[in-house]
Amino acid sequence: MAKEVSPGVKALRKVVDDVHADARQAHAEGKLVGWSSSKFPCELAAAFDLDIMYPENQAAGIAANRDGEIMCQAAEDLGFDNDICGYARISLAYAAGKRASRKFDPETLEYVINPASGKPLKDENGNVVIDEATGKPKKDPKTQVPFTVLDDIYEIEALPETTEKEIAYKNFRREAIKPYRQMRIPQPDFVLCCNNICNCMTKWYENIARMRNIPLIMIDIPYNNTVEVHDTNVAYVRAQFDAAIKQLEELTGKKFDEKKFEQACANANRTASAWLRVCDYLQYKPAPYSGFDLFNHMADIVTARAKPQAAEAFELLEKDLEKAIKEGTTTTPFPEKYRVMFEGIPCWPKLPNLFKPLKQHGVNVTAVVYAPAFGFVYNNMDEMCRAYYKAPNSVCIEQGVDWREGICRDNKVDGVLVHYNRSCKPWSGYMAEMQRRFTDDLGVPCAGFDGDQADPRNFNEAQYETRVQGLVEAMEANKAAKEDAE
Amino acid sequence: MSIEVLLNQFKEVSEHPHRQIEAFKAQGKKVIGVLPYYAPEELVIAAGMEPMGIWGSNKKTISHAKEYCATFYCTIAQLALEMLLDGTLDQLDGLITPTICDTLRPMSQNFRVAMGDKLPCIFLAHPQHRKPAFGLQFTVDQYSHVKAELEKISGTPITDEALREAIKVMNRSRAARREFVKLAGQHPEAVSAVNRSAVLRSAWFMDKTEHAEKLEALNAELAALPASNWKGTKILTSGIICDNPTLLQIFDDNNLAIAADDVAQESRSFRVDAAETGDPMMALAQQFADQDYEVLLYDEHSNQNRRGEYVANLCKESGAKGLVLFMQQFCDPEEMEYPYLKIALENAGIPHIKLGVDQQMRDFGQASTAIQAFADVL
């Protein structure tokens, strides 16, 4: 991927870093920090100035940092089946106090380096240095890291600290927890759950509430069978907003600040609109960036959409993209030969593996379902209820197909790559029928592959590469047939 | 009628549900398929039609349903779709598709798409906030939709009076099933695990009044038995479904009797009655609101381990010495609640085993070994 980072991307990164830093600081100061599902109406919490962390976003980050497997296994050791959503498993292990940590020698308090880690050592000419003893490339010591081990913050806190040695050991063990932000988020004081994405969310958050003995504020969005959101459904959600506000008042001891709420709503709308405009830049041919870049910006739309900084950063990115279009540049590091929609959540632990065959065949991801998934735009409270009613997994098949076919047409895709995500039953549950419709309605080929959003054990690289190859051949045949017809 | 004759009659129905559909159709009745969970069968009865529970199949193999489903979906839902596609359920006049779990959500769409104009699919979304006034109202709204769709199929409006009568029918059926569970737990010498399941399973397929009458007769016979001197060990079963006779035979072979259950297809479905007076739609909504200790439903006291402790208590109260959890493969609500069930059981000193099951299982060798070992430990 492109190494040079545009001002918009830089600003977006800072927004997320700040959200995390603020939450850590709030926790250190004894203020409340909550955990929220990604499509909970964040405007409600923003009206109370609450610091919120987002376990789905956190789990994606942990998975992308290659700690998905150790955290998933930790949850399995607590009794959570490996069938359960990988995000939920990572989050539940984290809530239980489990952490991916760096192995160290308890006597010397020095890290134990994993000899298999690190990048190949290169000589001054840029050639890989081969170890004569093994015949394999030598590792660059600067890039080597300690072994990853599992630790538990509650075990650490229970350690004695009477002697200097004990204190030093305890402190080092605290420090050894991996330092990236998703492994350092504060434990929750309350949880905010909205099950518009899935019902697994309900039990996931109930489990966190039970583990930590903390309040749970629940917004229930039952599945909808029609494109229209009926007034009765809106009334149900609206009443829950009122109930949630009351619960937040009790939790914080503050009165609901309508002005702050309105401001949060205005910010969220502004962010969502800017997000949608950024997504629309994928309509250009060739696209000024790749859908994979969009995945990276999801952290902002999830964790900061009610903040003005998020809106400003997306607006800045918009300017970058405008400039890229004028200058004919793109962050996609290969010439765009084919354009596809990537259906589903990416396999975070395997992003480079996902990208490799796409790059090899000149396939750019120019449409992702996340564009409409976070485009919550509304003008009043009832419209806000309707907006939150329409999450990807809470809508009927007709709405789901319509969204996708809309972006496929607008973003001019030649094919669809479908992730059958082992972690996400509601998402993958009607994909087979959707695939048939995409092909019938749009005349584009589809290919499905098996993977997982967080657990690397569920991804088969060989199968993925074969499926991408198959899709490319079908797109090529389609293109040739079109050219012949012309 | 003797206990044996009655049990055989239930068994016959349980083994051959399609014969029930044929019999209903021969009587000129319309039949509505009812998928899990918590669909108000009262509305079907009040419309003068017969509800037919669809809980997958222990005999079929998934083939046609693969056109719609990836492999990692509960076989109950997949085999329901299979039977809709392979002609087994062709005689149905309608289908109620609840959506309380993550498999049933998209499956409701697959059922509707797959059936097209062939079979009306009646969508049902239950609320998770079921107790507050707004939750009760939402349930009433959803049930009103189901009612209107059923009226279209039956061709006649459902009156409040008919609905109250249907509530009485269902309350009677539920009471008879609760009583049977108690008596079967007290008399393992008369009711084997296999027969217990057949009695409870057949309730999903028979006319509810007919089933209740027959069951009341069986209950009377069981109540008249002398105190049991059965020598064996009683256990509690938990899970979504455990109605496979081959699997249950292993319990009988190992002298394990089911004292009571926490099974969705069994006791969880008939724990709670609806009020027989007042607004009958609100009575049904209230009945749903009163469902509790349920892996599928939101618990507003979620910081406590109420469900786990309830099941542990059920073991103690029923005299069960241990718990057998039938973990339905790919059932995330059950899987999500397992760690805290385990904690509650351990705190109460109740041993348990977890058996992974699905409806396409034909070889129970592993389960047999586990059950036998568990029986030895108890």
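1. In what order do the four strands of the open sheet in chain A lie, and is the pairing parallel or antiparallel? This is a predicted model, and in it the strands follow the order β10-β9-β11-β12 of chain A, with parallel pairing. The edges of this sheet are formed by β10 (363-368) and β12 (446-451) of chain A, each of which pairs on one side only, and the twist from one strand to the next averages 30°.

2. One residue to look up is A:V418, whose bridge partner in β12(A) is A:G448. Helix α16 (residues 397-410) of chain A packs on the sheet and touches β9 (338-343), β10 and β11 of chain A, while its direction makes about 160° with that of β9(A).

3. A second pairing in chain A may be set beside this one, namely that of β3(A) with strand β6 (residues 148-152) of chain A, which runs in the antiparallel sense over five bridges; here A:A100 has A:L150 of β6(A) as its bridge partner.

4. Why can strand β3 (residues 98-102) of chain A be called largely enclosed by the rest of the structure? Five of its five residues are buried, and therefore the description holds. The side chains of a regular strand alternate between the two faces of the sheet. In β3(A), A:K98, A:A100 and A:R102 point one way and A:R99 and A:S101 the other way, with all of them buried.

5. In chain A, 36 residues of domain 1 are in contact with 32 residues of domain 2. On the side of domain 1 of chain A that touches domain 2 of chain A, α3(A) gives the most, with six residues, and by class that side has 21 nonpolar, nine polar and six charged residues.

6. Between the chains, 41 residues of chain B are in contact with 42 residues of chain A. Helices α5 (104-115), α6 (133-154) and α13 (332-347) of chain B each supply at least two residues of the side of chain B that touches chain A, and α13(B) gives the most, with nine residues. That side of chain B has, by class, 21 nonpolar, 11 polar and nine charged residues.

7. Chain B as a whole has 14 helices and eight strands. Its radius of gyration is 20 Å, close to the 21 Å that the globule rule gives for 378 residues, so chain B is as compact as a globular protein of that length. Along its principal axes the C-alpha trace of chain B spans about 55 × 45 × 45 Å, and buried residues make up 55% of the 378 residues in the chain.

Notes. Residues numbered from 1 in each chain as written. Chains lettered and ligands numbered in written order. Predicted model: local features only at pLDDT ≥ 70, side-chain atom pairs only at ≥ 80, totals over all residues. Contact = placed C-beta atoms within 7 Å. Nonpolar A, V, L, I, M, F, W, Y, C, P; charged D, E, K, R; others polar. Pairing = 2+ DSSP bridges. Axes fitted to C-alpha atoms, helices over the stretch in contact; angles between N-to-C directions. Rg over C-alpha atoms; globule rule 2.2 N^0.38 Å. Buried ≥ 20, exposed ≤ 12 C-beta atoms within 10 Å, placed from the backbone.
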